[in-house]
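Please have a look at it first.

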Amino acid sequence: MTKVLAGITMSLDGYITGPNDRLGAGLGDGGERLHHWVFGGPWTYDRPGGSAIGVDKDYIEEVFASGGAWIVGRTMHDVVDGWGDDPGFGVPVFVVTHRPRETAVKGDTTFAFVTGGIADALERAQAAAAGKNVIVMGGADLLRQYLAAGVVDEFTLTIAPVLLGAGKRLFDGISRTDIRFERTAVVESPFATHLRFRMLYGE
């Protein structure tokens, strides 16, 4: 059965990017430290690191293997320049946007730009996922919308042990607070702690 999964990395002081996130620096100034767990250690925008290791690698591989379609926001897509010429998702990616754009094909990944809102994007992603999971990647505004809509089944909050001091916060302006995060697992690595939750709404 298709589930809607979501996840994001946050600093200890609550930021999911550093300040001044932009093209070529999608995590903002100093934000690379959030994703040491993704690259197996320190990296920079100019000198990308290696690959995830240990339990971090296991987590990433599990998520990718379970996904039949992804949903991302237009800002996230744009600041990373569409993840380059060969993004490697291997499944359709639906980009929620207010600005129409033709479908783009890069390597084994198709990017469809959806202007009908989050419900339309989810419906299209579920159809494309063919029974596998739909993964909502972010950024923060898109995640807040899907959480507020009560459609996220499982959520992973990855805590990076760093302080950023400024940037974008995940839950600023969320429109509902009757959401329960029922913890199902805690996965720890040298670089991060992955808190996994089952989502409950209106209880």
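Let me start with one proline: apart from its neighbours within four places in sequence, Pro 87 is in contact with Gly 82, Lys 106, Thr 109 and Phe 111, where contact means heavy atoms within 4.5 Å. What we are looking at is a predicted model, in which local features need pLDDT of at least 70 and side-chain atom pairs count only at pLDDT 80 or more, while totals for chains, interfaces and linings use all residues. Residues are numbered from 1 along each chain as its sequence is written, and side-chain values use heavy atoms, with hydrogens and water left out.

Pro 87 lies in the loop between helix H3 (74-79) and strand E4 (93-96), and here helices (H or I, at least four residues) and strands (E, at least two) are DSSP runs, numbered from the N terminus. Is Pro 87 buried or exposed? Pro 87 counts as buried because its relative accessibility is 18%, given that buried means under 20% relative accessible area, exposed over 50%, and partly exposed in between, with a 1.4 Å probe and protein chains only.

Asp 81, placed in the loop between H3 and E4, has a phi near 55°, which is a positive value in a residue other than glycine, and at 52% relative accessibility Asp 81 counts as exposed. Trp 83, in the loop between H3 and E4 as well, has a positive phi near 60°, again in a residue other than glycine, but at 24% relative accessibility Trp 83 counts as partly exposed.

Now to the sheet. It is an open one of 9 strands, in the order E5-E6-E4-E3-E7-E1-E8-E11-E10, with mixed pairing; two strands pair if DSSP finds at least two bridges between them. Strand E5 (104-106) and strand E10 (179-188) stand at the edges with a single partner strand each, so one side of each is left without a neighbour in the sheet. Within the sheet, strand E3 (residues 67-73) pairs with E4 in the parallel sense over 4 bridges, and Trp 70 stands opposite Val 93 in E4.

Finally, let me turn to a peptide bond. Which residues does the cis peptide bond join? The cis bond joins Gly 138 and Gly 139, with omega about 15°, and Gly 139 is found in the loop between strand E7 (133-138) and helix H5 (140-148).
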